[in-house]
Amino acid sequence: MTVSDVIFYLIAGIAVGSAGMVAFSRNIVHSAFALMGTFLGVAGLYLTLGADFLGAVQVLVYVGGILVLMLFAVMLTHRIGDVEVSNRSVGRLPALLISIGVFGVMVTAIGQANWGSAEPAAMSPTTPGIGEQLLTKYVLPFELASVVLLAALIAAVMLSRKEIRE
Amino acid sequence: MVGLEHYLVVSLLLFSLGIYCVLTRKNALGILLGIELVLNAANINYIAFSYYGGGGYDGQVFAIFVIMLAAAEAAIGLAIVLGIYRSFHTIDVEAIDRLRG
């Protein structure tokens, strides 16, 4: 067991452990905070896979953006007074069976598939390469992404503004 | 030695937990949290295959688009949740059964 293995198991443990807290915690605020552990753990996994730019993007967008947005929504909709003890829609047991079933099927598939033996890519800074790809091969999706983001921005403003009656 | 399968199993664990979270929550925000878990699991797969499949940037660029869509989805989803909360005064997805505003 080398040092990189220990680091991998540590980071994976953090990510999966906090994902478990997200799924099993009864308090939505605890879930939202545990999601931060998952996002940071996933960013660490990106770094162990040599994706330095994506690790930084993950921290900036997920932890700095989406998570703060989620916490805002939790605080705005969560009334301290009403304690929701039961917060399940599908029963707990069927949901557990479905997730374990999905996990079992896919873990068998992963175990049986022949993934080939390609050498891992060498670790090098990825930012210049990604930038070049975004402006050459993926320029159309890139432009579409900006349109999607603009539409999302306008829609979010439209949905959440106060109604002004004439 | 950590290989591709290890990353796939970690991502699968995140995916299963996300599915469980989506299925069991009554709270609309809890469902959104579960969806974020599922999207992250998909992203780990993209990066892992990109790394163990001989490099190249295709997987990473796709992951960037997934992150972009997740951000848009979170913004719209939360705006809708807040809108629902304004008109129903709850975000329990089982209590929201009227289409008429």
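**Close-up views of the predicted A–B complex**

**Figure 1. Confidence of the predicted model.** Chain A has a mean pLDDT of 85, and 88% of its residues reach 70 or more; pLDDT is the predictor's confidence in each residue, from 0 to 100. Chain B averages 87, with 99% of the residues scoring at least 70. For the complex, the predictor gives an ipTM of 0.89 and a pTM of 0.88. Because this is a predicted model, local features need pLDDT of at least 70 and side-chain atom pairs count only at pLDDT 80 or more, while totals for chains, interfaces and linings use all residues. Residues are numbered from 1 along each chain as its sequence is written, and chains are lettered from A and ligands numbered from 1 in the order in which they are written.

**Figure 2. Chain B, helix by helix.** Chain B has three helices and zero strands. From the N terminus on, the order is α-α-α. The radius of gyration of chain B is 17 Å, well over the 13 Å of the globule rule for 101 residues, so chain B is more spread out than a compact globule. This radius is taken over C-alpha atoms, and the rule is 2.2 Å times the number of residues to the power 0.38. Along the principal axes, the C-alpha atoms of chain B fill a box of roughly 55 × 25 × 15 Å.

**Figure 3. Domains of chain A.** The assignment gives domain 1 (1–79) and domain 2 (125–166) of chain A; such bounds come from an automatic or database domain assignment. Their centres, taken over C-alpha atoms, are 23 Å apart.

**Figure 4. The side of chain A that touches chain B.** Here 65 residues of chain A are in contact with 61 residues of chain B (contact: C-beta atoms, placed from the backbone, within 7 Å). Elements giving two or more residues to this side of chain A include α1 (3–24), α4 (92–112) and α6 (139–160). α3(A) gives the most, with 11 residues. By class, this side of chain A has 48 nonpolar, 14 polar and three charged residues. Ala, Val, Leu, Ile, Met, Phe, Trp, Tyr, Cys and Pro count as nonpolar, Asp, Glu, Lys and Arg as charged, and the others, Gly among them, as polar.

**Figure 5. α1(A) against α1(B).** The two axes come within 9 Å and cross at roughly 10 degrees. Axes are lines fitted to C-alpha atoms, for helices over the stretch in contact, and angles run from 0 to 180 degrees between N-to-C directions. α1(A) and α1(B) are therefore roughly parallel (angles under 35 degrees; over 145 is roughly antiparallel, 65 to 115 roughly perpendicular, the rest oblique). Contact residues include F8(A), V16(A) and V22(A) of α1(A), and L13(B), L17(B) and Y20(B) of α1(B). The contact has 13 nonpolar, two polar and no charged residues.

**Figure 6. α6(A) against α3(B).** Their axes lie 9 Å apart, at an angle of about 10 degrees. α6(A) and α3(B) are therefore roughly parallel to each other. Among the residues that meet are L149(A) and L159(A) in α6(A), and F65(B) and M68(B) in α3(B). This contact has 16 nonpolar, two polar and no charged residues.

Technical notes: Contact = placed C-beta atoms within 7 Å. Helix = DSSP H or I, 4+ residues; strand = E, 2+ residues; numbered from the N terminus.
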